[in-house]
Amino acid sequence: MKRRKFIKKTALGTAALGLLGGMYTWKVEPFWLEFVKKKMPIQNLPKELVGKTLMQISDIHVGNRFDYQYIIDSFKKAQKFNPDFVVYTGDYVHYENKEQYKQLNEVLKHIVKGKLGTVGILGNHDYGKEWMEQDVADKISNQLENSGVKVLINEATEIEGLNIMGIDDFWSLNFDHKKALKNYDKSKANLVLCHNPDVCDLEGWNNYQGWILSGHTHGGQCKPPFLPPPMLPVKNKRYTSGKIDLNDGRTLYINRAIGHLWQVRFNVRPEVTIFKLEKA
Ligand SMILES: [Fe+2]
């Protein structure tokens with residue numbers, strides 16, 4: 001009798017724990033945003049930019065997979081940091097149909113902008129179904145531009161002496177990292193935006209030295225403690241999240257994303273990164 005009671009209690013306890021864990025993974029962690037602060041040493045940084053902040057926001061994934069009021073609320077929290085630069089590293093929507101344009105417009109009313117500049121690149125989801133729809137990418141780019149985000153399609157822009165090169169998405173119709181890096185000038189203060197970190201392993205970086213900001217992986221969204229996440233949409237499984245030294249003068253930073261593909265996160269909280277610029 002005693003043993004049977006014990007087994008029953010253990011089973012009930014395990015079920016309750018499982019339920020709690022499930023609720024946490026579904027309802028709590030996906031919306032538990034973390035502002036991660038990092039230093040970003042840049043070669044040739046003009047002295048006027050020393051100490052300025054650069055905020056990275058990635059993968060907002062506006063659509064029907066989760067309540068995007070969370071993105072609006074997160075933007076409101078991010079505004080309070082009053083960043084000097086804001087960079088968006090792609091995947092603005094979870095594209096299903098034209099409804100996402102309306103939803104994105106709603107969110108873009110609250111967009112976080114930098115005092116000095118706001119720049120973005122596109123991700124695979126911004127290219128619609130199978131990443132093949134140019135008209136979807138054009139529409140999303142227009143919406144971003146109208147909201148004050150300069151969208152870089154394999155091109156560069158210089159703001160207050162910081163040269164930002166934006167690579168269009170790896171899986172998209174227009175991917176051309178060589179074009180984006182063609183005019184790379186080592187004597188400038190440079191930064192690269194690249195949605196998918198797998199691009200780092202390709203040839204054609206024109207001896208680029210400096211930081212590369214990526215998104216795309218969402219950090220894997222769920223990860224057992226002390227182990228790598230089991231699901232990552234990249235070939236190079238080293239590219240999970242955080243700062244990775246590529247050992248050739250390039251430093252990769254992969255943001256864990258603010259939104260998600262599925263409303264589940266465990267041990268991989270959503271992230272907005274705030275870099276403080278310094279001279280390398
Ligand atoms: Fe994404």
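Start by selecting glycine 148 in this predicted model: this residue follows α4 and has a positive phi, near 95°.

Now step back into the helix itself. Select residues 134–146, which make up α4. The helix has 13 residues and spans 18 Å from its first C-alpha to its last, close to the 18 Å expected at 1.5 Å a residue. Color Val136, Ala137, Ile140, Ser141, Gln143 and Leu144, and you have buried residues of α4. They sit on the same side of the helix, because they cover an arc of only 160° around its axis. What lies over the buried residues? Show α3 (99–108) and β5 (150–151), which are among the elements covering them.

Keep Ile140 on screen for the next stop, the largest nonpolar core. This core has 34 residues, and Ile140 joins Ile57, Ile60, Ile71 and Tyr88 as the ones touching the most other members. Elements that each supply at least two residues include β2 (53–57), β3 (85–89), β12 (271–279) and α4. Which element gives the largest share of this core? Select α2, the source of five residues.

Zoom in on isoleucine 57 next. Leaving out residues up to four places away in sequence, isoleucine 57 touches Phe75, Val86, Val87, Tyr88, Thr89, Val112, Ile258 and Val272. Apart from this core lies another, of 22 residues; Leu45, Ile121, Ile159 and Leu191 are among them.

Now for the strands. Show β6, β7, β8, β9, β11 and β10 in that order, and you have an open, mixed sheet of six strands. β6 (155–159) and β10 stand at the edges with a single partner strand each, so one side of each has no neighbour in the sheet. Ignoring direction, neighbouring strands here are turned by 25° against each other on average.

Pick out β7 (residues 162–167) and β8 (residues 189–194): they pair in the parallel sense over six bridges.

Last stop: threonine 240, in the loop between β9 (210–214) and β10 (242–245). Is this residue buried or exposed? Threonine 240 counts as buried, because its relative accessibility is 17% and the cut-off is under 20%. Show its contacts beyond four places in sequence: Thr217, Gly219, Pro229, Leu232 and Ile254.

Technical notes. Residues numbered from 1 in each chain as written. Predicted model: local features only at pLDDT ≥ 70, side-chain atom pairs only at ≥ 80, totals over all residues. Heavy atoms only, no water. Helix = DSSP H or I, 4+ residues; strand = E, 2+ residues; numbered from the N terminus. Buried < 20%, exposed > 50% of the residue type's maximum accessible area, 1.4 Å probe, protein only. Contact = heavy atoms within 4.5 Å. Pairing = 2+ DSSP bridges. Axes fitted to C-alpha atoms, helices over the stretch in contact; angles between N-to-C directions. Expected span 1.5 Å × (residues − 1). Arc of directions from axis to C-beta. Core = buried A, V, L, I, M, F, W, Y, C linked by side-chain atoms within 4.5 Å.
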